[in-house]
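Here are some short notes for a first look at this structure. Please read them with the model open.

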Amino acid sequence: CPCALSLATPTAMVAATGALTRQGILTTRGHALETLAQVTHIIFDKTGTLSYGRPQVVAVEAVADLEPRQCLALAAALERGSEHPVGRALMAAAGAGVPLVSEWRNTPGSGVEGWLDGRCYRVGRPTFVAALCPEAIALRDDLDAASTWVALGDERGLLAWFQLSDALRPGAADMVAALQARGLQVELLSGDRPEVVAHVAAELAIPTAMGGLSPQDKLERVRVLQQQGAVVAMVGDGVNDAPVLAAAQISLAMGSGTQLAHATADMILLSERLEQVVRGVDMARRTLVIMRENFAWAIGYNLIALPLAAGGWLTPWMSAIGMSFSSLLVVVNALRLRQS
């Protein structure tokens, strides 16, 4: 009977996908569950993934003759329309009355640039801003490791430093420990300063963490792991994560992430609760077990029933009952996933 064989995989996939959706994990691609069950490495972004992604400006240090309020207005003007959490934080802190810039240009993973009143301004990572005027901008080494620092400058030099703070999501440390207990290697890749990333990694007990990375750097890290035989899962939320989400064998996007991240990801965490990542891994592994059980039963039944039918030991009505029972058993076994 081929019915049980044809039902072995789709019934398990449908039951598992439905169960995950009820728990707040939307599966967008068919291979997601099977690949997630085989994952060896899980890579996390920091801002918006392990943290809330809603940083707040806690301090403005004006370096030039401008007032802190003017510096905020300039930074917000450059970040107008930005989907990055840091950009949204600067716009929220500046409020109304933000000027318009021209020739706006975004450099993913670094910052933004624009022209205002005949001058070119940049806001973003200190190294990105310093490249606009290397002779006049000196990078600091006394920045608080627990905060994110953003620089503002123009061709004449540095204008201001912005200190932002973003809290980690509750349960982040427990999630990392649970994934490691399941034999998975957890890594943290972020475009934030290496000191900030190291601080977060130490707090969450993540052994491998890299900061100051561009989207291309993250992509290269994923490719190195894949060349070593790793099956990589990427969890991210922003435009900067889109290339890595696409390159990883399985990708998960946060529900509050950008539309590009959602379009690229194989699964979306609608509830944004990090423990759902662990539940997703458990469900994927359980689904693979159920699929193997279904195949084992279907193949075993056919190996026994076919010779008996060919030898005349099974009458047609017995074969019909056996066929129905075999298919029903596969479906009922798959439905166990709904209770997982």
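Is His-41 buried or exposed?

1. His-41 is buried, because its relative accessible area is 16% and the cut-off for buried is under 20%. Keep in mind that the model is predicted. His-41 lies in strand S2, which covers residues 41–44. Setting aside neighbours within four places in sequence, His-41 is in contact with Gln-185, Glu-187, Leu-225, Ala-230, Val-231, Val-232 and Ala-233.

2. Now the sheet around that strand. It is open and has 7 strands, in the order S1-S13-S12-S11-S2-S9-S10. The pairing is mixed. Strand S1 (25–27) and strand S10 (208–210) are the edges, each pairing on one side only. On average, neighbouring strands are turned by 20° against each other, direction ignored. Helix H9 (residues 215–227) packs on this sheet. H9 touches S2, S9 (185–189), S10 and S11 (232–236), and its direction makes about 160° with that of S9.

3. S12 (residues 250–254) and S13 (residues 267–269) run parallel and are joined by 3 bridges. Ala-253 has Ile-268 of S13 as its bridge partner.

4. Next, the nonpolar cores. The largest holds 47 residues, and the members touching the most others are Ile-42, Phe-44, Met-175 and Leu-179. Helix H12 (residues 275–310) gives the most to this core, with 8 residues. A separate core has 20 residues, including Leu-90, Ala-94, Val-123 and Leu-164.

5. Which residues is Ile-42 in contact with, leaving aside neighbours within four places in sequence? They are Leu-179, Leu-184, Gln-185, Val-186, Glu-187, Ala-233, Val-235, Val-277 and Val-281.

6. Helix H4 spans residues 68–79. Its 12 residues reach 16 Å from first C-alpha to last, close to the 16 Å expected. H4 is mostly covered, with 9 of its 12 residues buried. The buried ones are Cys-71, Leu-72, Ala-73, Leu-74, Ala-75, Ala-76, Ala-77, Leu-78 and Glu-79. After H4 comes Gly-81, with a positive phi near 85°.

7. Cys-71 counts as buried because its relative accessibility is 0%. Cys-120 also counts as buried, at 4% relative accessibility. How many disulfides are there in the model? The count is 0, taking sulfur atoms within 2.5 Å as the rule.

Key: Residues are numbered from 1 along each chain as its sequence is written. This is a predicted model: local features need pLDDT of at least 70, side-chain atom pairs count only at pLDDT 80 or more; totals for chains, interfaces and linings use all residues. Side-chain values use heavy atoms; hydrogens and water are left out. Helices (H or I, at least four residues) and strands (E, at least two) are DSSP runs, numbered from the N terminus. The expected span of a helix is 1.5 Å times one less than its number of residues. Buried means under 20% relative accessible area, exposed over 50%, partly exposed in between (1.4 Å probe, protein chains only). A nonpolar core is a set of buried Ala, Val, Leu, Ile, Met, Phe, Trp, Tyr and Cys residues joined through side-chain atoms within 4.5 Å. Contact means heavy atoms within 4.5 Å. Two strands pair if DSSP finds at least two bridges between them. Axes are lines fitted to C-alpha atoms, for helices over the stretch in contact, and angles run from 0 to 180 degrees between N-to-C directions.
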